[in-house]
Amino acid sequence: LNAMLQSLLEERFGLKVHRDPQIRQGFALAVGKSGPKLKPAEPPPAPVQGLTQEEQKAKAKQQAQANMAAIMKRMQESRESGTPLGGLSTASWSSVTTEELASRLVQFTEAPVVDETGLTGKYSVAIEIWKNADLPGGTVFDVVEKLGLKLVPRKVTVETVVVDQVSKTPTAN
């Protein structure tokens, strides 16, 4: 799909780009001293045979309601304990490689993260990160440490896409 989109942009807008590696301050995701504590991902569920589209939609709606109920319960518990949820960021991934995890941690570190764990396989990861480091759950560094990993500050190479040329008006169909 990405190749088709790139081809379309090249054809219709005369888009010309090149990739430029740049060195920036970031983090390396590495294995911690005590070793990784990542939970292996569950195998994908077998496709349910014989469900109509309506039954599939009903099942998806039921799952969404269960997820919302869990969030509401967590909010209630936080309200009762006096811990505001405003500074809480949560994320969960049912099946990610450490390379994918590193790329997703960028949203919490606000800097590039590269995978240097050398781990293979897929893992199930759930994290809770507080903006205020004094609250339970801690910072992204604390959360990554609980996974048996660590974020090491270092210069990393990041590939940047540079636009060389683009036309403001697309060609006709």
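User: Why does R154 count as partly exposed?

Analyst: This is a predicted model, in which local features need pLDDT of at least 70, side-chain atom pairs count only at pLDDT 80 or more, and totals for chains, interfaces and linings use all residues. Residues are numbered from 1 along each chain as its sequence is written, and side-chain values use heavy atoms, with hydrogens and water left out. Buried means under 20% relative accessible area, exposed over 50%, and partly exposed in between, with a 1.4 Å probe and protein chains only. R154 has 32% relative accessibility, so R154 counts as partly exposed.

User: What makes E116 and R154 a salt bridge?

Analyst: The term requires a side-chain nitrogen of Lys or Arg within 4 Å of a carboxyl oxygen of Asp or Glu. The closest N and O atoms of E116 and R154 are 2.3 Å apart, and the pair forms a salt bridge. E116 lies in the loop between strand 4 (113-115) and strand 5 (123-130), whereas R154 lies in strand 6, so the pair ties together parts that are 38 residues apart in sequence. Strands here are DSSP runs of E with at least two residues, and helices are runs of H or I with at least four, both numbered from the N terminus. E116, at 43% relative accessibility, counts as partly exposed.

User: How many salt bridges does the structure hold, and which side chain meets R19 in one?

Analyst: The structure holds two salt bridges. In one of them the side chain of R19 meets that of E159, at 3.6 Å from N to O. This pair links distant parts of the chain, with R19 in strand 1 (residues 16-31) and E159 in strand 6, 140 residues apart. Because R19 has 52% relative accessibility, R19 counts as exposed, and E159, at 54%, counts as exposed as well.

User: How do you know that strand 1 and strand 6 pair, and in which sense?

Analyst: Two strands pair if DSSP finds at least two bridges between them. Strand 1 and strand 6 are joined over 16 bridges in the antiparallel sense; within this pairing L29 stands opposite L151, and G26 stands opposite R154. Strand 1 and strand 4 run parallel and are joined by three bridges, with L29 standing opposite D115 in strand 4.

User: Why is one side of strand 4 and of strand 6 left without a neighbour in the sheet?

Analyst: Three strands form an open sheet in the order 4-1-6, with mixed pairing. Strand 4 and strand 6 stand at the edges and have a single partner strand each, so one side of each is left without a neighbour in the sheet.

User: What makes the span of helix 1 close to the expected one?

Analyst: The expected span of a helix is 1.5 Å times one less than its number of residues. Helix 1 (residues 2-13) has twelve residues and reaches 16 Å from its first C-alpha to its last, close to the 16 Å expected. Helix 1 is followed by G14, whose phi is positive, near 60 degrees.

User: What share of the 173 residues is buried?

Analyst: Buried residues make up 24% of the 173 residues in the protein. The protein has four helices and six strands, and from the N terminus on its elements run α-β-β-α-β-α-β-β-α-β.
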